[in-house]
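Subject: Structure for you to look at

Hello,

Here is the structure I promised to pass on. Please open it and keep it beside you while you read.

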Amino acid sequence: MWKIAMSEVGKSLQSVVQRVNQAASRRPKQTLPTVPPRLVAVSKTKPPEMVVEAYNQGQRNFGENYVNELVDKASDPMILESCPEIKWHFIGHLQKNNVNKLLVPNLFLVETVDSAKLADKVNSSWLRIRGASMQRLKVMVQINTSGEQKYGLPPEETVNTAKHIMSECCALQFAGLMTIGRYGYNLTLGPNPDFQEVCESLKLPLDEVELSMGMSTDFEHAIEVGSTNVRVGSIIFGNREYPNSAANTPIPSPAPSPAPSPEKTSKQVSEEAAKKMQHL
């Protein structure tokens, strides 16, 4: 199964890279960054073999949502041997009690710092782990622009948190802002208002601040309005399979039953929405 899927990784990756470059060419050069957007290949739930295959095709930046999975992959012998220049991005919710585990070899960027206290914890842990090295760890501040996300700072708290990192966290390098746009937004209605808010309302120099926004469903539009870092997973590696998901649970033979109640129908709709949110 993995061999069949891996045979498509190179083609899918090449297609996404082409779409990233095309989207970058469409954005207004007078007002938006001219630097090529960074593609982060999100490899959650995928085996080390797929990471190595994408790496062999030229991909260097990889993202993980879960601390334990990042730890496992960053220490995997196959990846360590085959991917010496890999750059890991952590893009999931980070709790303070997991910070020490997260600081793995080749960690390049933590994209989800959502409080000054978390920044302080990452800073103190990195100071201790890096030893005599003066290398600073890049971090982004996560913003909840849509109000629909569980994590992330309100936009009005973003600048103060960024200033705290720059002035109080000597082991960290403030790299920019990370956000997730409103899920399922119809681009035919015009620019995603969440992206517009990040690009236009926050008074931070575009040339000095990265914007991490855009996933598999909207990365091209995100690049067009200023994103410099997009997180793409399922259209590179294929749909994810979770061991305990409903999709992997055997379905019993149907039995005659009355029409579903409104309550059951609502539950089914919620389950379908939950499945859709598994796709970056």
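The protein chain has a mean pLDDT of 81. Of its residues, 72% reach 70 or more. Take care with residues 245–280, where the pLDDT is below 50. That stretch has 22 contacts in the model beyond near neighbours in sequence. Where pLDDT is low, the predicted coordinates should not be read in detail.

Now the helices. Two packed helices are described by the angle between their axes and the distance between the axes. Look at helix α6, residues 116–130, and helix α7, residues 155–168. They pack at an angle of about 25 degrees. Their axes are 9 Å apart. Angles under 35 degrees count as roughly parallel, so α6 and α7 are roughly parallel to each other. The crossing of α6 past α7 is right-handed.

Which residues make the contact? From α6 come Ala-116, Ala-119, Asp-120 and Asn-123. From α7 come Thr-161, His-164, Ile-165 and Glu-168. The contact residues divide into three nonpolar, three polar and two charged.

Is Asn-123 buried or exposed? Its relative accessible area is 8%. Buried means under 20%, so Asn-123 is buried. Leaving aside neighbours within four places in sequence, Asn-123 is in contact with Glu-168, Cys-169, Cys-170, Ala-171 and Leu-172.

Best wishes

Key
Residues numbered from 1 in each chain as written. Predicted model: local features only at pLDDT ≥ 70, side-chain atom pairs only at ≥ 80, totals over all residues. Heavy atoms only, no water. Axes fitted to C-alpha atoms, helices over the stretch in contact; angles between N-to-C directions. Helix = DSSP H or I, 4+ residues; strand = E, 2+ residues; numbered from the N terminus. Parallel < 35°, antiparallel > 145°, perpendicular 65-115°, else oblique. Left-handed = near helix turned anticlockwise from the far one by under 90°. Contact = heavy atoms within 4.5 Å. Nonpolar A, V, L, I, M, F, W, Y, C, P; charged D, E, K, R; others polar. pLDDT = per-residue confidence, 0-100. Buried < 20%, exposed > 50% of the residue type's maximum accessible area, 1.4 Å probe, protein only.
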